[in-house]
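The following exercises are to be worked with the sequence and the model side by side. Each task is followed by a solution in steps.

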Amino acid sequence: MDESNLTLRGTVVEEQKNYYIVSTQQNDFRCTIKGTLLKKQKHRIFTGDSVNIRIINDDTLEGVISEVFPRKNFLPRPPLANLSQVIFINCLKHPRLDVEAIDRFLFSASAYDIEAVIAFNKIDLLDEDELRELEEVARYYENINYKTIYTSVPGNRGIAELIDLCENKTSAFTGLSGVGKSSLLSLIFPDIEFRTNIVSGAHGRGTHTTTHIQLLSLNKNTFIADTPGFAFVDVPTVPEDTVASHFPEIENIVGQCRFNNCIHDSEPGCKIIELVESGEIAPWRLEHYLKIYQDMVKRRKAYL
Ligand SMILES: Nc1nc2c(ncn2[C@@H]2O[C@H](COP(=O)(O)OP(=O)(O)O)[C@@H](O)[C@H]2O)c(=O)[nH]1
Ligand SMILES: [Mg+2]
Ligand SMILES: [Zn+2]
């Protein structure tokens, strides 16, 4: 068959065994990779990659990926390229809110250079006191410039705002198992069936059912990925002296401690410890920063 000269720009939305699905402004095409590109590119092509494809057959919607554009960012686990943002779904109850998971997520997103949003789902389960407790946590993160959003699947609360937030972007929904990722996606994509988890057991945890990574298109410019429960459980390795730069409220007062190599552990004249004592910095934030810091020291020493 003759190859046409038509080239289209598109986004890889799914990786299959022997081909990729590429979404363009016109159609989705089933694409292989151009041989010379395969040899030239040491790295693979991933879901989220921005590519040019040459149309092989406009009727059967087949093409060949002829060019891969440089990535803006890359999330390794699960592999996703060019994310505009990651939305970390949480809830206060069922499962219980885990601020350490939030802080590890925020650190990772920052280290990967991906915008982070914190969503609090299942607000229908909360009484007034619990809602106030949640708002207090949310306000802390808002004050250090993170975007937060409240949602609940029953009653469709916050769903329009969530969709708005995703418009014209590539987003990944992530979060611990059972927080409601699949349920929220079902509301956004009513025609697609998502398997939802039953939260079970004493720890209120379910098991994740998402195994295949795929970008779902809300429209030609809006893509959303569901990610398995393990996404963001591991933090990436960075030099230990850069860990603080991923904690905005610590980064913000860098240079104000007595010692310029202060790691904000127990040094005298530490401004961060002072701000924790006066209630301006949350104790759990310093604790999670230090935990990641020590982890990075340990990782570096393991390589020596
Ligand atoms: N009450 C309440 N239950 C929810 C909400 N969202 C999800 N669920 C329930 O929580 C459980 C886990 O949801 P699922 O979407 O599978 O979570 P995932 O593991 O993050 O994909 C299911 O039983 C859902 O019906 C919500 O906003 N409110
Ligand atoms: Mg799920
Ligand atoms: Zn300090």
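**Exercise 1. Determine which residues of helix 4 are buried and how they are arranged about its axis.**

Step 1. Within helix 4 (residues 159–166), the buried positions are Ile159, Leu162, Leu165 and Cys166. Buried means under 20% relative accessible area, exposed over 50%, and partly exposed in between (1.4 Å probe, protein chains only). Helices (H or I, at least four residues) and strands (E, at least two) are DSSP runs, numbered from the N terminus.

Step 2. The buried residues of helix 4 fall within an arc of 120° when seen down its axis, so they line one face of the helix. The arc is taken from the directions from the helix axis to the C-beta atoms.

Step 3. Ala160 and Asp164 are exposed, on the face of helix 4 turned away from its buried side.

Step 4. The cover over the buried residues of helix 4 includes strand 8 (85–91), strand 9 (115–121), strand 10 (147–150), strand 11 (170–174), helix 5 (181–188) and strand 13 (222–226). Contact here means heavy atoms within 4.5 Å.

Step 5. After helix 4 comes Asn168, with a positive phi near 60°.

A note on conventions: this is a predicted model, in which local features need pLDDT of at least 70 and side-chain atom pairs count only at pLDDT 80 or more, while totals for chains, interfaces and linings use all residues. Residues are numbered from 1 along each chain as its sequence is written, chains are lettered from A and ligands numbered from 1 in the order in which they are written, and side-chain values use heavy atoms, with hydrogens and water left out.

**Exercise 2. Describe the surroundings of Glu240.**

Step 1. Glu240 belongs to the loop between strand 13 and helix 6 (248–251).

Step 2. With a relative accessible area of 16%, Glu240 is buried.

Step 3. Beyond its neighbours within four places in sequence, Glu240 touches Tyr293, Met296, Val297 and Arg300.

Step 4. The side chains of Glu240 and Arg300 are joined by a polar contact of 2.7 Å. A polar contact is a pair of N or O atoms within 3.5 Å; within protein, one must be able to donate a hydrogen and the other to accept it, and residues adjacent in sequence count only if both atoms are side-chain atoms.

**Exercise 3. Identify the donors of the zinc ion (ligand 3) and state their geometry.**

Step 1. Cys257 (SG), Cys262 (SG), His264 (ND1) and Cys270 (SG) coordinate the zinc ion (ligand 3) at 2.1 to 2.4 Å. Donors are N, O and S atoms within 2.8 Å of the metal (3.2 Å for Na, K and Ca); water is not among the atoms, so sites may look incomplete.

Step 2. The donor residues follow the spacing C-x4-C-x1-H-x5-C in sequence.

Step 3. The four donor atoms subtend angles of 102 to 115°, and the arrangement is therefore tetrahedral. Four donors count as tetrahedral if all angles lie between 85 and 135 degrees.

Methods:
Four donors count as tetrahedral if all angles lie between 85 and 135 degrees; four count as square planar and six as octahedral if opposite donors are over 155 degrees apart and all others between 65 and 115; anything else is irregular.
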